[in-house]
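Trainee: I would like a close look at one part of this protein: its aromatic rings. Please take me through them step by step.

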Amino acid sequence: MTRDAAQPIIIIAGERVALGPLRRDLIPLYHAWICNLETTQYLSEAGSAPTLDEEIDWYDREIRTQNQQTFTIYALPDHQPIGTINLHQVNQKHRKANLGIMIGEPDMRGSGHGTEAIELIVDYGFNALNLNSIWLATHEFNTAGRRAYAKAGFTEVGRRRKCRFHAGRYWDEIHMDILASEFTRSRLKERLMAHVER
């Protein structure tokens with residue numbers, strides 16, 4: 001059976017979103033997202049304005065870095081690219097990784113797409129990479145992000161106080177994590193087991 005060339009390669013799919021590899025042809029779109037101040041206010045790259053050449057360099061580094069997995073997020077059913085998500089600082093000895101997400105399309109925020117993307121990459125981390133712990137850092141003012149992380153099963157484990165200046169004041173950096181034993185919504189595990197049992 002041949003694959004439809006118009007449909008991107010998908011690693012793991014849910015009901016509303018799917019995750020696939022980064023694509024060189026999407027570099028201009030990734031660049032537009034990272035240059036949007038409304039988007040990057042929630043990222044460590046807040047206020048950055050990389051050139052297209054710098055974005056190409058980012059892409060080349062991203063696809064060659066050994067200890068991370070970065071995916072394009074697609075909205076289903078049309079496979080519209082809406083953001084990126086990754087597991088970085090992957091440490092196989094201690095079975096842990098750090099999660100990062102960017103929903104680049106503003107009209108896709110607050111719609112549940114980010115929550116499901118988080119669930120999918122956590123599923124991938126625990127059941128494909130055999131991780132035990134996934135953590136992230138966000139900021140006190142990122143209330144929508146914190147809700148999405150909590151819905152996906154993350155819990156707050158600590159704070160760095162008043163370490164992020166944003167909109168005229170200082171905010172706490174919030175650290176959250178989830179353990180493999182706490183994750184119960186696996187789609188990938190069911191698919192892998194079904195394949196083994198055939």
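**The aromatic pairs**

Mentor: Start with the surface. The protein exposes about 11,100 Å², and carbon and sulfur atoms supply 50% of that area. Keep in mind that this is a predicted model. Buried residues make up 44% of the 198 residues. The fold has six helices and eight strands. Along the sequence they follow the pattern β-β-α-α-α-β-β-β-α-β-α-β-β-α.

Now the rings. A search of the whole structure finds seven aromatic pairs. Take Phe 71 and Tyr 124, one of these pairs. Their ring centres lie 5.2 Å apart, and their planes meet at 80 degrees. Angles over 60 count as edge-to-face, so this pair is edge-to-face.

Where do Phe 71 and Tyr 124 sit in the chain? Phe 71 belongs to strand S3, residues 69–75. Tyr 124 belongs to helix H4, residues 113–127.

Are Phe 71 and Tyr 124 buried or exposed? The cut-off for buried is under 20% relative accessible area. Phe 71 has 4%, so Phe 71 is buried. Tyr 124 has 13%, so Tyr 124 counts as buried too.

Next, look at Phe 165 and Tyr 170. Their ring centres are 5.0 Å apart and their planes are at 65 degrees, so this pair is also edge-to-face. Check the accessibility again. Phe 165 has 48%, which makes it partly exposed. Tyr 170 has 47% and is partly exposed as well.

Tyr 30, Trp 33 and Trp 58 form one aromatic cluster. Arg 169 lies over the face of Trp 171, at 3.6 Å from the ring centre.

The side chains of Gln 68 and Glu 62 are joined by a polar contact of 2.7 Å. Setting aside neighbours within four places in sequence, Gln 68 is in contact with Glu 62, Leu 87, His 88 and Val 90.

Terms used: Residues numbered from 1 in each chain as written. Predicted model: local features only at pLDDT ≥ 70, side-chain atom pairs only at ≥ 80, totals over all residues. Heavy atoms only, no water. Helix = DSSP H or I, 4+ residues; strand = E, 2+ residues; numbered from the N terminus. Buried < 20%, exposed > 50% of the residue type's maximum accessible area, 1.4 Å probe, protein only. Areas by Shrake-Rupley, 256 points an atom, 1.4 Å probe, with all protein chains shown as cover. Phe/Tyr/Trp six-rings, centres within 6.5 Å; stacked < 30°, edge-to-face > 60°. Lys NZ or Arg CZ within 6 Å of the ring centre and 35° of its normal. Polar contact = N/O pair within 3.5 Å; in protein donor to acceptor, adjacent residues only side chain to side chain. Contact = heavy atoms within 4.5 Å.
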